[in-house]
Every structure is written in C-alpha cells, then in structure tokens.
Amino acid sequence: WQVKEVMKQEGEDTIHIQVKCCWQYSAEHIEAKETDTHYGSADGLGRFNWRMIFDIQNPHPFPSIKVQLLSVNTLSVDTVAECTIDLQHDMAKAKRTKNTMANEKCWVKLTHPSAPGKVRGMVELELKILPDDDARANPVGQGREYDRDHPNTDPFCDPDDNSAPCYMVKHRNYLANTAAGQMAKDVAEGAQKFAMLSMILTTLGSAASFLVVVFMYFATR
C-alpha cells in the first residue's frame with residue numbers, strides 16, 4: 001500500500017510523506033490516525049503497508065472518511081492533498097446484509113482546495129466495513145504492529161518491505177534521508193575520527209615516552 005505523484009513543496013528536492021485518515025464521530029469529535037513517515041522521497045513515491053481501524057456506528061450521520069497526504073517538516077505538518085470518500089452506500093448495504101463490505105485495492109486521487117481539480121497525489125488503499133461480531137472474532141493489529149491477540153493478517157502488512165521502487169524500510173531512517181540528518185551524521189563521523197586520531201596520538205605519545213624512558217634506563221646502567 002503506497003502513494004505516488006505526491007507533490008513536493010516549492011523549492012524542495014524531497015518530501016517527507018505521511019498519510020492521515022479522519023473519521024467524524026460527531027460535530028465535536030473527529031478521530032485522526034496517521035501512518036509513520038516515509039522520509040526523503042525525491043520522486044513522489046512512498047510506501048506504508050499500514051492498517052487503520054475505526055470503531056464506528058452504522059447507520060451514521062457522517063458516513064465518510066477523509067484521506068490526506070501530509071508533508072512533515074521540522075516545524076510544521078502541511079496538507080499536500082486530500083479527498084473525502086463517501087461510504088453511505090457501502091454502510092447501508094453492510095447494515096442491510098449484515099455482511100462484510102470490501103472495496104478492492106485501488107488508487108484514489110487527492111486534490112487541494114487551493115487548486116481544485118489538480119491532482120497533487122494518489123493513495124493506494126482498500127477498505128472493509130465489518131459487522132461488530134466479525135471484527136471482535138477476528139481482531140487485527142493497528143499499523144504494521146501485531147501480537148498474539150492482534151495478528152498482522154487480512155491483509156498482511158509487510159513490515160520488512162524494502163522492494164523497488166519505494167524501498168519502505170530504507171526510507172524510515174531520518175538520518176539517511178534528510179540533509180540535516182546527513183549533516184548530523186557527517187559531524188558525528190568527523191567527531192569519531194577526531195577522537196580516534198586523538199587516541200592514536202596519545203597512545204603514540206605514551207609509547208614514545210616509554211621508549212625514551214627505557215632507552216635512558218639502559219643507557220645509564
């Protein structure tokens with residue numbers, strides 16, 4: 001489950017991507033869930049393999065879910081694009097049949113209110129609406145997490161997926177995928193080399209001193 005064609009911010013070579021989904025329980029209560037961050041995407045691609053679970057009532061006064069693509073910056077999180085998926089028909093059918101309603105994996109286009117009609121990113125997702133009894137009988141983990149009581153299944157969200165072209169695992173490392181992180185890494189490596197050099201010089205100095213003492217000792221006997 002991935003994203004593509006995510007628009008970078010003006011002047012930026014890469015983007016740190018998150019996906020956020022929001023379910024509105026009432027006029028005052030909105031629950032939001034976010035993925036982890038795909039750091040340093042230069043081509044607008046990102047992979048998440050992430051499960052989000054919402055406990056909802058059916059029927060519901062707000063039968064839709066909002067999906068957002070976020071740009072995660074040092075001091076802010078900005079919305080790149082969004083869309084609202086209407087679930088009224090699916091929820092009504094699930095209520096009527098008392099069966100699971102499943103939408104196959106597909107690509108969803110996201111836009112932004114500032115540029116209506118312009119696609120600023122796409123999210124690959126699938127959606128299931130389960131009866132409460134089925135959900136409780138077959139619990140699953142959030143995100144890519146799992147334990148004995150909440151397995152990573154139906155579908156399996158691979159936590160070790162590092163396949164091309166998204167390289168999910170590789171892009172979970174902040175230091176390896178950001179300019180600031182690389183600078184910090186270079187500074188740390190430079191400090192480590194300096195410490196090693198200082199240790200070698202100190203050791204050589206001690207050895208030289210030891211040789212002088214030994215030499216003087218034998219010379220004066």
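The side chains of Arg136 and Asp132 meet in a salt bridge, with N and O 2.8 Å apart. A salt bridge here is a side-chain nitrogen of Lys or Arg within 4 Å of a carboxyl oxygen of Asp or Glu. Both residues lie in helix α2, four residues apart, which is about one turn of the helix. Helices (H or I, at least four residues) and strands (E, at least two) are DSSP runs, numbered from the N terminus. Arg136 is exposed, because its relative accessible area is 61%. Asp132 has 41% and so counts as partly exposed. The classes are buried (under 20% relative accessible area), exposed (over 50%) and partly exposed (in between), with a 1.4 Å probe and protein chains only.

The model is predicted: local features need pLDDT of at least 70, side-chain atom pairs count only at pLDDT 80 or more, and totals for chains, interfaces and linings use all residues. Residues are numbered from 1 along each chain as its sequence is written, and side-chain values use heavy atoms, with hydrogens and water left out.

A search of the whole structure finds seven salt bridges. One of them pairs Asp154 with Lys128, the closest N and O atoms being 2.8 Å apart. This pair links distant parts of the chain. Asp154 is in the loop between α2 and α3, while Lys128 is in strand β9, 26 residues apart. Asp154 is exposed, because its relative accessibility is 52%. Lys128, at 35%, is partly exposed. Asp149 also forms a salt bridge, with Arg148; here the closest N and O atoms are 3.9 Å apart. Asp149 is partly exposed at 48% relative accessible area. Arg148 is exposed at 80%.

Asp36, Arg144 and Arg172 are linked in a network of salt bridges. Arg172 sits in the loop between α2 (132-137) and α3 (174-177). Asp36 is 136 residues away along the chain, yet the C-alpha atoms of Arg172 and Asp36 are separated by 8.2 Å. Their side chains make a polar contact at 2.7 Å. A polar contact is a pair of N or O atoms within 3.5 Å; within protein, one must be able to donate a hydrogen and the other to accept it, and residues adjacent in sequence count only if both atoms are side-chain atoms. The side chain of Arg172 also reaches the backbone oxygen of Arg47, at 2.5 Å. Not counting residues up to four places away in sequence, Arg172 touches Asp36, Thr37, His38, Tyr39, Arg47, Phe48 and Arg144. Such a contact means heavy atoms within 4.5 Å.

Arg47 has a further partner in Asp161: their side chains make a polar contact at 3.3 Å. The side chain of Asp161 makes another polar contact with the side chain of Asn49, at 3.3 Å. Asp161 lies in the loop between α2 and α3. Asp161 is buried, because its relative accessible area is 14%. Beyond its neighbours within four places in sequence, Asp161 is in contact with Arg47, Asn49, Tyr167, Met168 and Val169.

The strands come next. An open sheet of four strands has the order β5-β1-β9-β8, with antiparallel pairing. Two strands pair if DSSP finds at least two bridges between them. β5 (46-47) and β8 stand at the edges with a single partner strand each, so one side of each is left without a neighbour in the sheet. Helix α1 packs on the sheet and touches β8 and β9; its direction makes about 175° with that of β8. Axes are lines fitted to C-alpha atoms, for helices over the stretch in contact, and angles run from 0 to 180 degrees between N-to-C directions. Strand β1 (residues 2-4) is joined to β9 by two bridges, and the two run antiparallel. In β9, Met122 is the bridge partner of Lys4.

The largest nonpolar core has 26 residues. Such a core is a set of buried Ala, Val, Leu, Ile, Met, Phe, Trp, Tyr and Cys residues joined through side-chain atoms within 4.5 Å. Val3, Ile65, Val67, Leu69 and Leu110 have the most contacts inside the largest core. β2 gives the most to this core, with five residues. Val3 is in contact with residues including Ile17, Val19, Leu69, Trp107 and Met122.

Ser71 lies in strand β6 (residues 64-72). Ser71 counts as buried, because its relative accessibility is 2%.
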